[in-house]
Amino acid sequence: MPRMPSSILVGISLPLWLSVVAAQNFIPLSNYTDYGSLQQCQMVCLNGGAAYDDPKTAQASCGNLINQLNGVDGCVVNSLASQCSANATAAYGAKSILAAYCTTEIALEGVNIPSTTVLPPTSCDLPPKRLQKHPPKASPRHRLPLRPPHPVTRAKKGGFKDAHDHELLAHVLKATLAAHPNLDPHLINDIQIGTVLSELGGHKAGRMAAIHAGVPETVAFQTVNRACSSGLAAITGVAHAIAMGQIDIGIGGGMESMTRNYGSRAIPTQLWEELRDSPVQNARDCVMSMGITAENVAERYGVSRAEQDAFAARSHQKAAKAQREGLFDKEIVEVTTRWHPDAEKPEAAEEITVRKDDGIRPTSSAESLAKMKPAFKPDGTATAGNSSQVSDGAAATLMMRRSTASALGLEKDIIGKWAGTQVIGCKPDEMGIGPALAIPKLLEYTGVSKEEIGIWEINEAFASQAIYCVRTLGIDENLVNPKGGAIALGHPLGATGARQLATLLPEMERQGKEMGVISMCIGTGMGMASLIVRE
C-alpha cells in the first residue's frame with residue numbers, strides 16, 4: 001500500500017506513507033561574510049577546548065555556547081567543530097572526553113547567519129541529534145494522526161498490477177498535500193523521487209504526476225537512481241539541500257511498478273561488450289543475478305536453508321500480526337485504481353480500492369517454506385519464499401527546516417528528524433552484506449552506539465543477507481523489522497527506503513523509542529544507512 005507518516009519528516013509510499021522530518025541546517029562557515037556573531041561563538045567553543053584545565057569546566061563553557069546560539073537559525077556542522085576538537089585534543093590528548101563532547105554534544109561546524117545579518121540570541125536550531133552522543137529524551141508533543149500509506153502490492157497479481165508507477169506517485173503526493181492543508185504548496189522548493197526501472201528514468205512522467213497531483217509548476221522535480229536505496233537516497237538528497245541552505249521545504253520518496261518494468265530482471269539489455277567481457281571480475285559481477293549474490297552470502301558465511309526459512313516465516317508472522325492489530329493503518333492511504341481481471345480482455349476493467357498490503361501470508365511457517373524449490377540454482381538455498389517479493393508501490397516524505405516549520409505554524413507536526421546518512425561499497429557478488437558495512441559507518445559518523453538504537457529497519461532483500469547482517473552487527477533480532485520486512489511486505493525497488501521510514505516512525509512512537517536506523521543492501525555492491533530521531 002502507499003504509505004506516508006503524516007507530519008513533518010513525512011514519509012509516504014504506496015500504500016501512502018506520510019511523515020515529516022525536520023532536517024537540521026548544516027552550512028559551511030565559508031559561505032558567510034559577516035563573522036561578528038560567528039567569532040563570538042567560535043571563541044566560546046575554542047576556549048572550552050583549550051583554556052581550561054578541567055574537562056568539566058570546559059564542558060560548561062561549551063554548554064554556554066548553546067545558550068549564546070539561541071536564536072541563530074541553525075547550529076550547523078563543518079569548520080568550528082573540527083577546530084574545537086583539534087583544540088581539545090591538543091589540550092587533553094587524542095579523543096579526550098572534551099573532544100568527544102565538543103564534536104558530539106555541541107556539533108558546531110558553522111552557523112547559518114545570512115551574509116548581511118547578525119542575529120541577536122533569541123531562538124536557535126539546536127545542534128543536530130546526528131552528532132549528539134546522548135540526545136535528550138524527546139519531549140511530549142502534539143502531532144497529527146498519521147495518514148495511512150498506500151499499500152505495497154504483489155507484482156503481476158496484486159492490487160496495483162494495472163497501475164502505473166507515476167499514477168501511484170500522484171496518489172502519494174496528493175495525500176501529502178492533503179495531510180498538511182496549512183502548508184501552501186507554492187512554498188515547496190523541490191521534489192526528489194527514487195526509481196530504478198521507470199522509462200526515461202521516470203523523470204517526465206514523474207514531473208507530470210506531481211503537477212497533476214496539485215504541486216505547482218514552480219516546484220522543481222528530479223528522479224534519483226541508486227538501485228534498492230533510491231527512495232532513501234532521494235530523502236537524503238532533500239535533507240542535504242535543506243542542510244546546505246539551498247531549499248527550505250522539499251519532498252523525497254520513491255515509486256516503482258515492477259509489474260510493468262521488471263522484464264529484464266533489472267539487468268541491462270544494452271551493454272558495451274568490453275564491460276560484459278571485462279577482465280575485472282568485480283565489473284562483470286555488477287550484472288550478476290541478485291539471487292546468485294544471495295546464494296554467495298549463504299555459502300560464504302554459513303547461513304543455512306533452515307535459518308533462512310525460519311527468518312522468512314517470522315517476517316510474515318510479524319507482518320500478519322501487525323496488520324491484524326491495525327498497526328499499518330497509520331501509515332497507509334487507500335488508493336482507488338483500475339483492475340483488469342482477465343489479461344486477455346483488457347477492455348474489461350473494474351474499479352477497485354486497495355486498502356492494505358496484499359503480499360503478507362499469515363499461514364507461512366518454516367515447515368511450509370521448506371517445501372519450496374530453490375529459485376536461482378538447483379542446489380541453492382534461496383527460494384521465492386525466503387526472498388523479498390517483487391512489488392508495486394510508491395512513497396513520499398515531506399521535510400523542512402525546523403525554523404521554517406515554526407514560522408509556518410507547523411512545528412506541532414514535526415514527528416522526527418533526519419540525523420545523517422552514510423553509504424559504502426562492497427563486492428558486487430555479495431552485495432547483500434551492504435548494511436553490515438554501512439551501519440557501523442553511520443554509527444561512527446553520528447557518534448551513536450548500537451545499544452542506543454531502539455528499532456532497526458533493515459531491508460530483507462533475501463533472508464540469507466539479512467541474517468548475515470544482523471549476526472555480524474551483533475544486534476537483537478527482536479529489534480529488527482518488528483512489523484515484518486520486505487519478505488512479507490514487498491520490495492518495490494525505488495520506493496522501499498521511504499516505505500521503511502513510514503513503517504519506522506509510527507513504530508518508534510508506539511514503542512517509545514528515540515532513535516531508529518533504516519538500512520538496505522544495494523545491487524552492484526553497496527550499502528546505505530540513515531539515522532532517524534523521533535521528536
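Me: How many bridges join β5 to strand β7, and do the two run parallel or antiparallel?

Reply: This is a predicted model, and pairing is read from the bridges between two strands. Here five bridges join β5 to β7 (residues 249–257), and the two strands run parallel; within β7, Gly254 is the bridge partner of Gly194.

Me: Which bridge partner does Gly194 have in β6?

Reply: In β6 that partner is Val224, and β5 is joined to β6 (residues 220–224) by five bridges, again with the strands running parallel. Between β5 and β6 the chain passes through helix α6 (residues 203–212), and this β-α-β crossover is right-handed.

Me: Are the faces of β5 covered or open?

Reply: Burial is judged residue by residue, with under 20% relative accessible area as the cut-off. In β5 (residues 190–194), five of five residues are buried: Asp190, Gln192 and Gly194 lie on one side, while Ile191 and Ile193 lie on the other, so that both faces are covered.

Me: Which residues of the largest nonpolar core touch the most other members?

Reply: A core of this kind is a set of buried nonpolar residues joined through side-chain atoms. Of its 30 residues, those with the most contacts to other members are Leu169, Leu173, Leu183, Ile188, Ile191, Ile251 and Met400. At least two residues come from each of α5 (165–179), β5, α6, β7 and β10 (391–401), and α5 gives the most, with six. A second, separate core has 26 residues, including Ile247, Met399, Ile518 and Met528.

Notes:
Residues are numbered from 1 along each chain as its sequence is written. This is a predicted model: local features need pLDDT of at least 70, side-chain atom pairs count only at pLDDT 80 or more; totals for chains, interfaces and linings use all residues. Side-chain values use heavy atoms; hydrogens and water are left out. Buried means under 20% relative accessible area, exposed over 50%, partly exposed in between (1.4 Å probe, protein chains only). Helices (H or I, at least four residues) and strands (E, at least two) are DSSP runs, numbered from the N terminus. A crossover is right-handed if, with the strands pointing away from the viewer, the path from the first strand over the helix to the second runs clockwise. A nonpolar core is a set of buried Ala, Val, Leu, Ile, Met, Phe, Trp, Tyr and Cys residues joined through side-chain atoms within 4.5 Å.
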